[in-house]
Structures are given as structure tokens and as C-alpha cells.
Amino acid sequence: MTGTWLLVRHYVRRDRWMVLWWALGITLLYWSQAVSVKGLYTTQAEFDRAAAMMETNTAFVAMAGPARALNTIGGQVTWQATAFGAITVGLMSMFLVVRHTRAEEETGRDELLRAAAVGRQATTAATLVVALLANLLVGAMVALSLVTFPLAAADSIALGVGLAAVGAVFTGTALLAAQLGSSPRAAYGLTGAVMGAAYVLRAIGDVGDGTLSWLSPIGWYQGMHAFSGLRWWPVLLLLAAAAATTVGAVLVFARRDFGAGVLVDRPGPDRAGGLLGTPEGLAWRLQRGSVIGWSAGLFLTGLSYGSLGDDVGDLMGDSEMSRDLFAQAGGALVDAFYATAILMLALLACGYAVSSAIRPRRDEDEGRVEVLLATGLSRQRWLLAQVLLTVAGSALVLGAGGLGLGIGFALTSGDSGAVGRYFVATLPLLAPVLVLSGLARLLFGVVPRWTSLAWAGLLFAVVILLFGPLFKMPEWLQDLSPFHHLALVPAEPFRWAPFLVLGAIAAALSVAGQAAFRRRDVEVR
Amino acid sequence: MLADVSAPIEIAGLVKHFGTVHALDGLDLTVAEGEVHGYLGPNGSGKSTTIRVLLGLLRADEGSVRLLGGDPWREAADLHRRLAYVPGDVSLWPNLTGGEVIDLLGRLRGGLDERRRAELVERFELDPTKKGRTYSKGNRQKVALVAALASDVELLLLDEPTSGLDPLMGEVFEQCVDEFREQGGTALLSSHVLAEVEQLCDRVSILRSGRCVETGTLSELRHLTRTTVRAETERPPGGLASLPGVHDLVVEGRRAAFEVDTAELDTVLGVLHAAGIRTMSATPPTLEELFLRHYGDAVPTAAPVDAS
């Protein structure tokens with residue numbers, strides 16, 4: 001264990017900003033629920049009506065957790081934030097752990113450290129310490145934000161303590177996964193699978209009789225019943241699971257060779273399939289997982305929005321805040337709600353579009369483009385294939401969201417015509433989505449180092465949509481967001497002009513980026 | 001010369017800046033058809049930059065560059081179907097297998113020779129079913145080498161292609177390049193492995209600070225350096241000190257040790273012969289000495305040898 005404290009100090013230095021951002025984000029997740037719930041309903045009667053409606057919505061229960069005391073602010077915070085909070089704190093722990101264990105081992109930096117006067121278990125011990133500290137920080141900040149809101153102190157603290165304990169469970173899981181998998185990717189995959197299983201088990205359990213929820217750490221956390229008859233003993237389950245996974249990790253670590261994993265990578269095909277001979281085939285092969293994943297995610301999100309059916313009126317209350325948020329769309333409240341839901345789906349689809357559009361930069365930065373462009377493949381053809389995939393993938397992802405929305409609505413309301421109606425209403429949003437991916441391409445062509453700045457474009461659009469009308473931002477500023485121009489179908493009739501203009505802007509950005517790439521040096525390490 | 005018109009690589013006065021850094025500063029380089037041309041120089045001297053300009057990945061700031069009779073910037077893709085490239089640091093897609101990458105690169109280059117592909121995978125002892133992220137540096141290089149050598153091309157651009165290979169695999173590589181040359185292929189080989197250069201290259205060019213400081217066959221280059229001579233003679237050898245080209249002379253009675261410019265070797269041996277040689281050893285300059293002389297700080301004084 002020699003050198004553990006030295007490593008802890010080193011890790012804290014490397015991670016402090018990252019951990020701080022995670023902690024702030026997670027705290028905001030909890031605190032903003034309290035703020036928005038408080039602002040949304042003006043009378044308790046209204047609140048009761050909304051709560052009654054939410055309780056009976058199976059999709060909401062499956063997404064968030066068991067519906068308890070939903071007509072109180074604390075109950076709402078617990079319901080809305082705990083499942084996502086647990087997943088987020090799990091992600092933070094996973095990235096922290098794998099970054100210092102398996103990733104370091106793969107790059108060989110760990111070898112350097114271990115060759116120095118550092119004990120065999122020191123990296124593992126130091127990683128554990130830092131990850132636990134990070135989880136404690138998150139828990140403390142969440143508790144503090146809720147206590148000062150103010151909500152009931154004991155329940156607020158319970159939410160924080162439980163969150164830190166869930167984080168500890170996933171820390172142990174990631175630590176174990178980093179020993180089992182033989183690459184960072186495998187470690188991420190294993191930890192992610194455990195987190196996914198924990199989420200799904202509790203979703204099925206919460207919708208059913210609750211038995212399966214007891215197989216999930218997230219279920220234990222929610223089983224503490226904060227703000228609805230608090231009990232502390234489920235924390236013991238969390239701590240026991242954290243200890244068990246950590247001990248497991250230490251045992252495996254002691255028995256394996258450096259650089260080896262328990263699970264080895266499966267061999268793949270020794271020959272390429274027919275698709276893998278064209279740039280389009282290559283682009284699809286590299287991105288298919290992400291296209292399918294994002295499509296499934298948007299489909300489910302759309303489905304849960306749609307499953308609210310005609311009841312959205314009750315859900316939204318009658319406060320100024322909800323009027324403000326949905327007044328953007330105008331018209332009947334149901335239509336206004338779904339027009340806004342479609343915008344949200346489009347912003348999510350932008351996540352795929354931007355991540356896909358910055359991929360060429362990653363391939364360039366990591367030196368893979370060099371070998372490709374030294375073949376008969378021209379620069380234009382290579383980039384064009386990537387663009388085609390980004391455009392087609394974005395359409396697919398967005399379409400999946402619209403389809404989910406329509407199907408969800410149709411299932412709840414029995415109105416089968418809604419499937420086609422909402423699906424079609426989603427499609428024009430492809431234009432503003434592609435404006436953002438076009439921005440990424442322009443950056444790639446002109447200032448490749450800054451390609452990732454395209455994410456800032458998405459962030460800006462999100463901020464404008466959520467807060468623009470609320471804070472009465474100047475119109476010219478809101479107009480800068482590509483999402484601020486389209487007619488809000490179904491609340492308003494569709495208009496061609498803004499759609500065509502946005503489409504033209506997207507195309508112009510993309511063409512300019514492509515032309516610039518043709519003229520510049522390929523950057524090589 | 002007429003032959004130069006069709007030389008696969010012709011570079012004259014090539015200049016390439018990165019910001020304020022002059023990576024290439026008036027480079028001249030000609031690689032004739034059918035030769036394996038060694039490209040040597042210390043790290044950062046501009047070897048990789050030259051190859052990337054030849055590939056049309058970087059744009060020349062000044063000077064003329066002809067590759068296989070075409071313009072590497074404008075006709076990049078067409079020219080690339082006739083050549084193959086192996087970088088020193090091969091980066092692969094983490095989730096594609098080596099076999100898939102070989103096929104992908106081969107197809108993009110216009111097709112692979114199936115028999116040759118199978119044979120090379122065997123000779124390089126490459127496991128083509130492993131994913132890109134699990135390969136070591138040497139194995140990643142093998143993937144690129146198999147993809148390059150299995151293509152039917154006229155020209156190979158090899159940028160330190162063996163820097164991760166073990167000596168056994170290095171030998172396989174040398175055999176493959178020899179076979180390629182026998183079939184009439186041309187290659188530009190940048191390398192730090194001097195034994196490999198000596199084994200493979202017909203001519204070498206030595207690069208320093210973005211300029212070519214020496215070009216010629218190895219024997220021509222050797223000619224420019226000094227041979228170490230130790231001799232014991234019957235009579236004390238007189239007049240050695242006054243001969244041109246003799247350096248670091250030490251005479252102890254009838255023994256003499258000195259270095260001599262290889263060009264003056266004949267004259268000096270004449271003097272020793274006149275003194276009656278009893279024993280003598282003459283060590284020709286090693287490649288290391290040859291290159292250290294150019295890599296080091298000392299500015300070369302000898303005039304460049306004309307390649308013709």
C-alpha cells in the first residue's frame with residue numbers, strides 16, 4: 001500500500017474540476033426539481049390533481065420510481081430525481097474508477113507508476129478513496145441544497161446519504177469490472193450493464209408488485225422512502241453491496257497478471273464483410289451502434305411523452321411558469337405541450353447529430369484518417385460519406401422519437417391517427433438539427449481543433465428554449481437558435497419558408513466546411 | 001536527363017512551414033524507378049512531413065513535387081491507387097479486426113491479391129481476428145504492412161515501418177521488400193535501423209533540418225568518410241603526417257595508427273607499402289559513423305556526391 005496517499009493527492013489534482021462539475025450537475029438535478037415543482041402549482045388542489053394523474057401513469061412510474069407522496073415537494077423531488085441521480089452518480093464513479101485503473105493499465109502509465117516505489121494495491125486503494133470522496137461530496141451537496149431549500153432536514157440528508165451509498169455500490173462495481181474486463185471499453189460495458197440492469201429491475205418492480213425492486217441498488221435507495229415515512233435500514237444493503245464488490249475486486253486483482261483481464265476479448269471476423277469496402281459502409285459500421293442506441297433512446301422518450309395522452313392539462317397546473325413555458329407554442333394546451341415535446345426530442349436528436357458530425361475530427365486526431373486517405377479514397381468522398389451518415393442517422397433518430405410519441409399517444413388515447421400525425425410533425429425538425437451538425441462540419445473544415453465547440457451550439461439552443469421566454473431574453477438573441485423559427489406543429493400550421501431557409505443554412509454550412517477541408521492540411525500527430 | 005522525367009518521386013525546392021517552424025526548407029529528392037531509396041535523418045528532420053506531402057495530406061508551400069508523374073495534391077486519390085503507405089505509428093479502429101482493416105484498405109486501394117494476402121498473414125504471424133484495440137504496436141504495424149504489401153502497386157512509401165517489429169519480423173519485412181523490388185517496384189524507406197537500410201537500399205538520402213544534405217549509393221557515401229588504419233612496418237613510416245587526408249596520427253616506433261579520408265586511401269597505403277608492411281588492419285567506416293557525422297552538430301564539409 002506504499003504510495004497510496006501520494007497517489008490520492010495526484011488523483012485529486014487530476015480530477016478536482018471534473019468531480020466538481022459532476023457534483024454541481026447532480027445537485028442541480030435535485031434542487032431544480034424542488035424549485036420547478038414549487039413554481040408550477042399555485043394551489044394544493046391543483047397539486048393534488050396533478051399528483052393523482054402522475055401516480056396512475058405507468059410510464060412515469062417505470063421511468064422514475066414508486067409513486068409516494070407526490071402531492072408534496074419532497075415527494076416530487078424524491079420521485080423525479082432519485083433514479084436519474086443514482087444513474088448519474090454511478091456514471092461519475094465509473095469514469096473515475098476506470099480512468100485510474102484499467103485505462104492507465106492499457107496506456108502503460110500504470111506500469112511506470114508500479115515500477116516506482118508504489119505498492120501493488122496502491123492504485124486500487126487510491127482510486128477507491130478518491131471515488132468515495134467524490135461520492136461523499138455529491139451526497140453532502142445534495143443534502144445541503146435540499147436542507148437549505150428548505151425541506152425536512154432528516155429526509156433531505158437521507159437523500160444525500162443514500163445517493164453517496166449508491167455511488168459507492170457502483171464504485172465497487174466499476175472497480176470489479178476493471179479487473180474482469182481487459183480493456184477500458186469492456187470495463188465501461190460491464191459497469192453500464194449492471195447500472196442498466198439495476199434501473200430496469202426497479203422499473204419492472206415498481207410497475208408490478210415491487211419484489212424485483214429489491215434486487216436493485218436503485219430500488220434500495222428509493223426504498224428509504226424519503227419524505228414519505230423515512231427509514232434508514234436500506235442504507236445497510238447499499239453499504240454491504242459496496243463492500244462486497246470492492247472485496248471482490250481486490251481478490252481478483254491479487255490473482256491476475258498485470259494487463260490481463262478475466263474476460264478476454266472475443267475474436268472477430270478475419271475477413272471484412274461486403275459493406276466494408278466503401279466509405280459509406282465504413283461510416284455505417286463505425287456508427288451503427290450509436291445510431292441504434294440513440295434511436296431506441298428517443299423512441300422510449302417519445303413513448304413516455306406520448307403516453308401522457310390528453311391528460312397533460314392536469315399535469316401542467318395553471319401557474320405563470322407553466323403558462324410561460326408553453327405559451328411559446330400557443331393554441332390548445334395539449335397541442336402546445338406536444339409541440340414542445342417534439343422540440344425536446346429534436347434537441348436530444350441533436351446529441352446524436354453533433355456527436356456524429358465531430359467523428360471525422362476524432363478519426364483525424366487519432367491518426368486513422370492518414371491511412372485511409374493514402375488509399376484511392378479522396379478527401380471529399382470520405383467526408384461526404386460521413387455527412388451522409390450523419391444526415392440519415394439524424395433523420396432515423398428523430399423519426400424514432402416522433403414514432404414513439406405517436407404510438408404512446410395512440411395507445412393511451414385510442415386515437416390511432418396520432419401515430420402518423422406526430423411522426424410527420426417531428427420530421428421538419430431535421431432542418432435545425434442539421435444546422436448544428438453543419439456547424440460542426442464548418443468548424444472541422446476551418447478550425448479543426450475547435451470542432452467540439454459545436455456542442456456549445458447545442459447548449460445555447462437548449463438554454464434559449466428552456467429559459468428564453470422565461471427570462472424574456474431579447475428576440476434577436478433567441479433568433480440565433482435554429483430551433484426558434486419553425487412553426488410549432490401541431491399547435492400551429494406548418495410553414496414551408498422557415499423550414500426551407502434552415503435547410504439551406506444547414507446545407508451551406510456543410511458545403512463550406514467540406515470545401516475548407518479540401519484546402520487544408522490533414523493534421524497528423 | 002530523360003530518365004528523370006519518369007522518376008516515381010521528384011521533389012525540387014520543397015518548402016513546408018507549420019506556423020513559424022520550417023519543417024522542410026528547400027528539399028530536393030529524386031527516387032528512380034526500380035530502386036529502394038533509404039530516407040534517413042534525425043527525429044524532426046522532416047522525413048514524415050515529406051511523405052505526407054507526397055501523399056497529398058499536406059500542401060507544399062513552395063517548390064515542385066511530382067509523384068508517379070502526377071500532382072500529389074490534386075490527383076491524390078488517383079495516384080494513391082498505384083501506391084501503398086505504411087506509417088510508423090499505425091492507429092486502427094478499436095472495434096474493427098485486423099483482417100477487416102486489411103480488406104478495407106485493400107479494397108479502397110482498388111483490390112487485394114488474395115493469395116498474397118493469405119501468404120503475408122502467415123509469414124508475419126498475424127492473428128487477423130483480433131480487434132484493433134487489442135493489438136500491440138508491432139501487430140498494428142503488421143496489419144498496415146500486410147495491407148500494403150498485398151496490394152498490386154508500383155510504389156511503396158514506408159515511414160519507419162519496422163519500428164515496432166521484432167528482429168525476426170524485421171527479416172520477413174526485408175524479404176518482402178526484396179521481392180517487391182525484384183518485380184520492378186520502387187520504394188521510399190524511412191528508417192532508423194541502419195542494418196535494414198544497408199541490406200535493402202540501393203541509394204540513400206540523408207535529411208537534416210528540412211534539407212537533403214547527402215544523396216548517393218552507400219559506397220559513394222562511404223567514400224566521403226574516413227577509414228581507420230593500424231599498421232606495423234619494417235621501417236618507421238616517414239612522411240605520413242604531411243600527406244593530405246591523414247588525421248589523428250599516432251606513431252610509436254614502427255607502429256602507426258591514424259584515420260584517413262577514404263578518397264586518399266590509395267596514396268597512404270603506397271607510403272606504408274614503401275615502409276614494408278608487416279601487419280595491417282583497415283576498418284571501413286561503419287554506417288553509424290557515417291550517419292552520426294550527418295546527424296550531429298558538425299556541418300558536413302564534403303561536397304555532395306552526384307548520384308549519376
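Reader: How many helices and strands does the secondary structure of chain B come to?
Author: This is a predicted model. Chain B has 11 helices and 13 strands.

Reader: What makes a residue of chain B count as buried, and what share do buried residues make up?
Author: A residue needs 20 or more other C-beta atoms within 10 Å of its own. Of the 308 residues in chain B, 44% are buried.

Reader: How do you know that residues of chain B are in contact with chain A?
Author: The test is C-beta atoms within 7 Å, placed from the backbone. By that test, 33 residues of chain B are in contact with 28 residues of chain A. Helix 3 (76–80) and helix 4 (98–108) of chain B each give two or more residues to this side. Helix 4 of chain B gives the most, with 7 residues.

Reader: What is the side of chain B that touches chain A made of, by class?
Author: That side has 15 nonpolar, 7 polar and 11 charged residues.

Reader: Which domains does the assignment give for chain B?
Author: Domain 1 covers 2–218 and domain 2 covers 222–295. Their C-alpha centres lie 39 Å apart. The contact between them takes 9 residues from domain 1 of chain B and 6 residues from domain 2 of chain B.

Reader: Which elements of domain 1 of chain B each supply at least two residues of the side that touches domain 2?
Author: Helix 8 (194–200), strand 8 (203–208) and strand 9 (211–216) of chain B do. By class, this side of domain 1 has 6 nonpolar, no polar and 3 charged residues.

Notes
Residues are numbered from 1 along each chain as its sequence is written. Chains are lettered from A and ligands numbered from 1 in the order in which they are written. This is a predicted model: local features need pLDDT of at least 70, side-chain atom pairs count only at pLDDT 80 or more; totals for chains, interfaces and linings use all residues. Two residues are in contact if their C-beta atoms, placed from the backbone, lie within 7 Å. Helices (H or I, at least four residues) and strands (E, at least two) are DSSP runs, numbered from the N terminus. Ala, Val, Leu, Ile, Met, Phe, Trp, Tyr, Cys and Pro count as nonpolar, Asp, Glu, Lys and Arg as charged, and the others, Gly among them, as polar. Domain bounds come from an automatic or database domain assignment. A residue is buried if 20 or more other C-beta atoms lie within 10 Å of its own, exposed if 12 or fewer, and partly exposed in between; C-beta atoms are placed from the backbone.
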